[in-house]
Amino acid sequence: MQVHVDRERCQGHSRCYDLAPEIFDVDDLGNAFELGDGTVPPELHDKARLAQTNCPEHAIEIRED
Ligand code: F3S
């Protein structure tokens, strides 16, 4: 699984970071980005999906391998 934050859509609600800080971080402006290359280990897949569901801007894209 790979996650990607669409920076155009992200409005800095920070729910992704609150729910899954192992996967996301926020920059100085409060906008999120994926850590590393966005690869999510299997034990964090549920958290990634939870973050995606909770983003009000639908800014989180998930690609299932
Ligand atoms: Fe941005 Fe959505 Fe996270 S708006 S900060 S990607 S919850």
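The shell around the ligand divides into 6 nonpolar, 4 polar and 2 charged residues. Here Ala, Val, Leu, Ile, Met, Phe, Trp, Tyr, Cys and Pro count as nonpolar, Asp, Glu, Lys and Arg as charged, and the others, Gly among them, as polar. The shell consists of C10, Q11, G12, H13, S14, R15, C16, A32, C55, E57, A59 and I60, where near means a heavy atom within 4 Å of the molecule.

This is a predicted model, with local features needing pLDDT of at least 70, side-chain atom pairs counted only at pLDDT 80 or more, and totals for chains, interfaces and linings using all residues. Residues are numbered from 1 along each chain as its sequence is written, and side-chain values use heavy atoms, without hydrogens and water.

The ligand takes up the space of the largest cavity. To sit there, more than half of its atoms must lie within 2 Å of the grid points. A cavity is a set of points, on a 1 Å grid over the protein atoms alone, where a 1.4 Å probe fits but cannot get out; lining residues have an atom within 4 Å of a point. The count is 1 cavity of 30 Å³ or more. The largest cavity holds about 100 Å³. Its lining has 14 residues, with C10, H13, S14, C16 and C55 nearest the centre. That lining splits into 8 nonpolar, 4 polar and 2 charged.

| Residue | Relative accessible area |
|---|---|
| C10 | 12% |
| C55 | 12% |

C10 counts as buried, and C55 is buried too, because buried means under 20% relative accessible area (1.4 Å probe, protein chains only). The model has 0 disulfides, a disulfide being a pair of cysteine sulfur atoms within 2.5 Å.

Terms used
On a 1 Å grid over the protein atoms alone, a cavity is a set of points where a 1.4 Å probe fits but cannot get out, and a pocket is an open set with protein on both sides within 12 Å along at least five of seven lines; lining residues have an atom within 4 Å of a point. Grid points are joined across faces, edges and corners, and a volume is the space filled by probe spheres set on the points. Buried means under 20% relative accessible area, exposed over 50%, partly exposed in between (1.4 Å probe, protein chains only).
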